[in-house]
Amino acid sequence: MLYDPERHSPLQASPWDATKAARTVAEIVRDTEARFTPGRHWPLHPLDAEGRPPDPRFNIYFGAAGTVWALQHLESTGAVTLARDYTDYVETLLALNRGVLETDRCAEADRASYLMGDTGILMLSYALAPSEATASRLEALIDGNLDHPARELMWGSPGTLLAALFLYQQTGESRWAALFAKTARKLWSQLLWSAERGCRYWTQDLYGREYTFLDAVHGFVATAVPLIHGRHLLEPAEWEAWEQCIVTTIRATAQREGRQANWPAMLESRHVQSPLVQFCHGAPGFVICLGDLPSRELDDLLLGAGDLTWHAGPLAKGSNLCHGTGGNGYAFLKLFERTGDEHWLAKARAFAMHGIAQTEAHAREHGQMRYSLWTGDPGFAIYLQDCIRGDAAFPTLDTFFG
């Protein structure tokens, strides 16, 4: 079986209600702004604490920087008008986040992390108040992250590859294009060959262990995103080689049952891997990361992955982006964008209505909302807004500067 039914819930068949979706977005933003204080930040949700002290976090992934990014993004789309200006507050987050990294005993090299370290916070700072000083710090971080052993989006050079692309799109400056090409060539040189599968892959040195992740946060397919979107910054022969590499690896590792498709979390594992169907591991993340691939060679797999995501149903964990119903719903938005078929948009909106109910239930259960971008309610609010607009840009993966 390509998924574990116990990880999913039956879809609540509520008709699409754009007014309710917009009202939920406004309620999430209102509550998020009300729970903020500059000294205490936002309360960390118990599900994000994962047994650690419930101290605030400050990164893009599940910390204050990501929460601010989500609020600013929602305002930029016209969904809300914010009650606060967070520009000065963002300037305090870098030092606070470095303190957390030191407490967590992260290496000095981990400071360049896109989702957990300095890079994402400085990009947010640059978005709110552009300066050459901030740009120079970002340039040094991206260039210094080339040899990070993680080789994945959260900590490694694929994350700073994405940052270079966003900065080039925002400014048009040649230094970012050069850093993008330099990082892509380094990643190409680090590819390994699997004789058993007949494809290329990377290893990731993470948290004291070595992995061969394929997925959409730590793995191969997440690295495809900046390469696909930044292909015009590569030589034509380089992009041709990359595209064939992506197509070959994704097809070689796919698992099929009838029309449906999924992927294991890792290329190689000593243990039987539980089949997951969420953004960070499994079919939805592959659709989201490959939805803008120019080649049509993988369309049968992408459609099969969308079918599996719908068949499995909403995730029981909640409505969030990384491993929740909202993140899975972006797969349907991507397929709507890729195919023009309205039934994928209807599926995305069905997941949105289910996610609203999940958000409300979880807030009652825990006595608070979950104030983060990738794991919480502000991220889900962006998904709702994108369902209203029919937009498929996954936050901080497909768009950063708006």
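Guide: Start at Leu167, which lies in helix H8, residues 157-171. Helices here are DSSP runs of H or I with at least four residues, strands are runs of E with at least two, and both are numbered from the N terminus. This is a predicted model: local features need pLDDT of at least 70, side-chain atom pairs count only at pLDDT 80 or more, and totals for chains, interfaces and linings use all residues. Residues are numbered from 1 along each chain as its sequence is written, and side-chain values use heavy atoms, with hydrogens and water left out.

Is Leu167 buried or exposed? Leu167 counts as buried, because its relative accessibility is 0%. Buried means under 20% relative accessible area, exposed over 50%, and partly exposed in between, with a 1.4 Å probe and protein chains only.

Now its surroundings. Leaving aside neighbours within four places in sequence, Leu167 is in contact with Tyr126, Leu138, Ile142, Gly172, Trp176 and Phe401. Contact means heavy atoms within 4.5 Å. Glu139 is 28 residues from Leu167 in sequence, and their C-alpha atoms are 9.7 Å apart.

Step back to the core. In soluble globular proteins, nonpolar side chains tend to be buried together. The largest nonpolar core has 136 residues. Such a core is a set of buried Ala, Val, Leu, Ile, Met, Phe, Trp, Tyr and Cys residues joined through side-chain atoms within 4.5 Å. Ile250 and Tyr383 have the most contacts inside this largest core. Not counting residues up to four places away in sequence, Tyr383 touches Leu321, Gly326, Gly329, Tyr330, Leu333, Ala348, Arg349, Phe351 and Ala352.

Next, the cysteines. A search of the whole structure finds zero disulfides. Cys280 is in no disulfide; the nearest cysteine sulfur, that of Cys322, is 3.8 Å away. The cut-off for a disulfide is a pair of cysteine sulfur atoms within 2.5 Å. Cys280 is buried, with a relative accessible area of 8%. Cys387 is buried at 0%. Its sulfur is 18 Å from the closest cysteine sulfur, in Cys289, too far for a bond.

Last, the open space. The largest pocket holds about 1,200 Å³. A pocket is an open set of points on a 1 Å grid over the protein atoms alone, where a 1.4 Å probe fits, with protein on both sides within 12 Å along at least five of seven lines; lining residues have an atom within 4 Å of a point. Its volume is the space filled by probe spheres set on the points, which are joined across faces, edges and corners. This pocket is lined by 44 residues, with Tyr207, Tyr211, Phe213, His218 and His281 nearest its centre.
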